[in-house]
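Here is a short report on one protein chain.

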Amino acid sequence: MHMNIPACYSFAIASLDPLRLRSALTAFRSVSYPSPRVVPTSLRPSLCVGNNNSLISNNSPTTSLRMMSYWNRETCQPTSQYEGEITKEARILALCDPSDAYNKPLYDGPLPEGSKLLAVGSTLADFDNESIINQDPNVIFVSHPNARGPLVELLNKFPSVEWVHTRSAGVDFIASDGLFSSPVQLTNAKGMFSSTLAEYCMMACAYFAKDLPRLMRQKNDVNWEQYPVLEIRGATLGVVGFGDIGRSSAKLAKAYGMKVLGLKRSIPESFSDPYCDEIYDMNGLVELVQKSDYILIATPLTEQTRGLISKEVLQHCKKTAVIINVGRGPIIDEEALIEALANGDIKGAGLDVMAVEPLPKDSQLWKLDNVLLSPHNMDMTLSFMQESTEFFINENLPRFVRGIEVLNPVDKSAGY
């Protein structure tokens with residue numbers, strides 16, 4: 001499936017006014033697919049754009065909180081105070097390193113009304129005592145990198161658990177049949193790390209467009225030699241995984257004057273986005289890479305996306321294409337990527353994630369001049385993890401204890 005979306009068009013169904021909503025739906029139905037969905041600007045309210053392209057009214061703070069499903073630190077304002085009756089307690093187990101300084105707001109408190117931390121630990125044994133068992137814990141907060149096995153053990157030990165929240169955006173480190181087949185609600189920190197990864201995406205584009213390696217060599221050699229550079233304006237960015245990170249990157253790309261192609265696992269009929277010119281489903285991957293000058297990999301790692309950027313896909317890229325990966329390393333066939341880079345089949349790659357981390361010292365990626373490497377730290381701002389913990393405390397816990405839908409639900413059937 002492929003849709004062209006002119007940047008001047010947008011379709012929104014988040015209006016709180018029923019008359020406006022009815023008019024918007026009428027306008028939408030009057031246009032036959034696959035023509036763009038067009039709604040006059042006068043019908044659109046002020047919007048806070050959540051993940052998965054949901055459009056959320058920002059006219060009323062209370063109403064938008066109840067409508068919103070996904071958090072984004074760029075477009076959503078922190079909630080200063082939740083009101084409403086406390087309907088249940090949050091009795092929390094923290095599957096975390098007790099010395100993790102980023103979790104101090106959780107460990108030291110204070111926590112929202114109706115919430116209490118029962119214990120912190122990294123194995124089942126840390127929680128297996130009568131004082132904890134008798135309190136029927138119903139929430140697990142996860143940040144330990146080796147939490148996959150212990151989390152399943154905790155779910156089996158404590159059938160009272162209703163909700164698991166992970167401090168990271170990706171859930172691949174806790175993914176298991178035991179978790180995904182359980183009835184618990186799973187949420188993540190989607191929307192917390194998008195802006196800095198979008199900045200890295202544009203930095204990687206500029207790194208190759210302006211040939212920064214040559215600049216550094218000439219500076220080192222005290223060599224004043226002019227050379228032509230490429231414009232980013234007018235180039236095409238293909239975004240594999242047009243979710244929160246992909247959309248934040250597209251927003252910056254548009255500011256640079258780029259054309260943006262997006263790819264999503266499934267495309268809602270109402271999809272429209274001012275930062276995306278064309279949208280593809282998974283069957284359009286080859287066409288997307290054929291058209292793109294820069295290819296951003298921002299999809300989560302699932303069994304369906306493992307090896308998605310295969311040798312065959314790489315063979316369809318332009319020789320001038322640059323691959324930028326901020327998703328997960330195994331999404332790309334790394335050996336095929338190394339071969340394409342070494343042979344000049346593509347221009348370069350900006351990699352913040354690798355198939356094996358830390359990257360082995362004997363990896364050829366270290367030696368290739370056309371590779372920009374970073375040690376999976378391009379979202380590692382000074383406050384990034386603490387802000388993620390505070391999101392759990394300040395936004396989701398108050399919702400949970402009031403029976404309001406928690407933010408950032410993960411589709412366990414899809415793995416993200």
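Contact means heavy atoms within 4.5 Å. This is a predicted model, in which local features need pLDDT of at least 70, side-chain atom pairs count only at pLDDT 80 or more, and totals for chains, interfaces and linings use all residues. Residues are numbered from 1 along each chain as its sequence is written, and side-chain values use heavy atoms, with hydrogens and water left out.

**The cores**

Start with I323. Leaving aside neighbours within four places in sequence, I323 is in contact with I295, I297, L314, C317, I332, L337, I346, G348, A349 and G350.

A nonpolar core is a set of buried Ala, Val, Leu, Ile, Met, Phe, Trp, Tyr and Cys residues joined through side-chain atoms within 4.5 Å. Buried means under 20% relative accessible area, exposed means over 50%, and partly exposed lies in between (1.4 Å probe, protein chains only). In soluble globular proteins, nonpolar side chains tend to be buried together.

The largest nonpolar core has 32 residues. Which of them touch the most other members? They are I309, I323 and L365. Helices (H or I, at least four residues) and strands (E, at least two) are DSSP runs, numbered from the N terminus. β10 (259-263), α10 (285-291), β12 (294-297), α11 (311-315), α12 (334-343) and β14 (348-351) each supply at least two residues of this core. The largest share, five residues, comes from α12. A second, separate core has 30 residues, including M202, L296, A298 and L372.

**The salt bridges**

A salt bridge is a side-chain nitrogen of Lys or Arg within 4 Å of a carboxyl oxygen of Asp or Glu. By this rule there are 17 salt bridges. Three of them are shown here.

| Pair | Closest N and O atoms |
|---|---|
| K157 and D128 | 3.2 Å |
| E231 and R233 | 3.1 Å |

Take K157 and D128. K157 lies in helix α5 (residues 148-157) and D128 in the loop between β5 (115-121) and α4 (130-133), so the pair ties together parts 29 residues apart in sequence. K157 is partly exposed, at 34% relative accessible area. D128 is partly exposed too, at 40%.

Are E231 and R233 buried or exposed? Both are exposed.

E278 is buried, at 7% relative accessibility. K291 is partly exposed, at 32%. Salt bridges that share partners join K259, E278, E287 and K291 into one network.
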